[in-house]
Amino acid sequence: MKIVLLDALTFGSTDLSGFDKLGDVEVYQTTSSEQTQERITDADVIVTNKVVITKEIISTCKSLKLICVAATGMNNVDLQAAEALHVEVKNVAGYSTDSVIQHTFSILFYLMGHSRYYDEVVKDGTYSKSGVFTDISHPYFEVKNKKWGIIGLGSIGRGVANIAKAFGAEVFYYSTSGVNRTQDFQRTSLEDMLKTCDIITIHAPLNDKTNNLLDYEQLLMCKDGAFVLNLGRGGIINEDAMAKIIDEKNIYFGLDVLTKEPMPENHPLLHVENKDRLYITPHIAWASVEARDTLIASVIENIKTSF
């Protein structure tokens with residue numbers, strides 16, 4: 001059996017030796033769309049994180065039996081073509097739940113505590129020269145008694161809700177699908193959430209219901225001083241609208257996902273004036289060491305159970 005890993009760079013230093021026990025393995029750190037076809041022509045198994053596998057690619061791979069998506073979302077694979085050509089597709093779910101939950105709070109506390117400012121004011125010598133033992137020029141607030149709105153109440157959203165509640169926040173949720181319901185937290189409309197919540201975190205998938213869910217009109221509704229964090233998918237917040245409103249209204253944004261990744265060099269968010277109101281991480285919420293180990297172990301198990 002021949003196994004081809006197309007974008008191993010996305011797994012970092014994670015141990016991939018487990019694949020060697022299953023067959024002949026070819027590992028590519030990255031693979032462009034022009035390189036994909038040639039690299040998987042005689043593969044029995046493809047492992048891809050974000051490399052796109054099209055109908056044309058699948059149809060020319062005569063040995064292909066299994067496509068393993070090393071992620072939860074499978075929008076990079078033509079699922080209909082795979083089914084028609086009797087190629088199995090398997091993904092991995094739940095491996096990064098704790099990692100994303102943790103990173104949600106990491107982003108919030110960085111913004112809420114003005115960590116960038118306080119780190120720099122010490123390291124550049126300003127604090128040493130101040131003559132005062134403290135610097136409270138950038139006030140921060142406690143999570144306790146704040147209203148916390150969660151968009152998307154899947155496993156990650158529920159995990160964030162439980163921790164927010166432990167901090168003393170009053171938790172509300174808006175289900176983008178209308179399916180997820182719970183008695184543990186208060187259900188609300190999107191409009192009421194935007195108008196009343198101090199903290200809003202997004203943990204929803206990107207689909208027809210969530211694409212541009214928060215556009216300029218919706219962001220304008222947010223409370224002054226609100227924190228809006230997107231750890232769901234890029235495209236749920238309109239990034240052009242976000243770049244505009246950051247310089248018009250006192251709203252803080254934290255992002256781990258963007259519509260296009262990596263973000264273009266001319267992205268409007270790179271040119272906002274109020275940079276202290278924006279914190280972006282490069283899609284790393286899923287990628288704790290433990291989450292990546294679990295991911296690879298699950299991919300290997302998916303291959304074992306198919307052969």
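Colleague: Let's start with D42: what is its relative accessibility, and how does D42 count on that basis?

Modeller: D42 comes out at 41% relative accessibility, so it counts as partly exposed. Keep in mind that this is a predicted model.

Colleague: Which residue does D42 form a salt bridge with?

Modeller: That would be K2, and the closest N and O atoms of the two are 2.8 Å apart. K2 sits in strand 1, while D42 is in the loop between helix 1 (33–40) and strand 3, so the pair ties together parts that are 40 residues apart in sequence.

Colleague: And is K2 buried or exposed?

Modeller: Buried, with 16% relative accessibility. The cut-off for buried is under 20%.

Colleague: How many salt bridges turn up in the whole structure?

Modeller: The search finds 8. Another one to look at is D198 with K223, where the closest N and O atoms are 2.8 Å apart. D198 is in the loop between helix 8 (190–196) and strand 9 (199–202), and K223 is in the loop between helix 9 (216–221) and strand 10 (227–230), so this pair links parts that are 25 residues apart in sequence. K223 is partly exposed, at 29% relative accessible area.

Colleague: What about D119, which residue is its salt-bridge partner?

Modeller: K123, with the closest N and O atoms 3.1 Å apart. Both lie in helix 5 (residues 115–123), 4 residues apart, which is about one turn of the helix. D119 is partly exposed at 37%, and K123 counts as exposed at 66%.

Colleague: Let's move to strand 4. Which way do its side chains point?

Modeller: In strand 4 (residues 66–69), L66 and C68 point one way, and I67 and V69 point the other way. All of them are buried.

Colleague: Which strand is joined to strand 4 by 4 bridges?

Modeller: Strand 3 (residues 45–48), and the two run parallel. Within that pairing, T48 has V69 in strand 4 as its bridge partner. Strand 4 also pairs with strand 5 (residues 88–90), in the parallel sense over 3 bridges. There, the bridge partner of I67 is V89 in strand 5.

Colleague: Last one, about the surface: which residues gather in a patch of negative charge?

Modeller: D15, D20, E290 and D293.

Colleague: Where does D20 lie?

Modeller: D20 is in the loop between strand 1 (2–5) and strand 2 (24–27). Strand 1 is also where you'll find K2, the partner of D42 that we began with.

Conventions. Residues numbered from 1 in each chain as written. Predicted model: local features only at pLDDT ≥ 70, side-chain atom pairs only at ≥ 80, totals over all residues. Heavy atoms only, no water. Patch = residues over 30% accessible without salt bridge, like charges linked within 9 Å, V, L, I, M, F, W, Y side chains within 5 Å. Areas by Shrake-Rupley, 256 points an atom, 1.4 Å probe, with all protein chains shown as cover. Salt bridge = Lys/Arg side-chain N within 4 Å of Asp/Glu carboxyl O. Lys, Arg positive; Asp, Glu negative; His and termini not counted. Charge placed at Lys NZ, Arg CZ, Asp CG, Glu CD. Buried < 20%, exposed > 50% of the residue type's maximum accessible area, 1.4 Å probe, protein only. Pairing = 2+ DSSP bridges.
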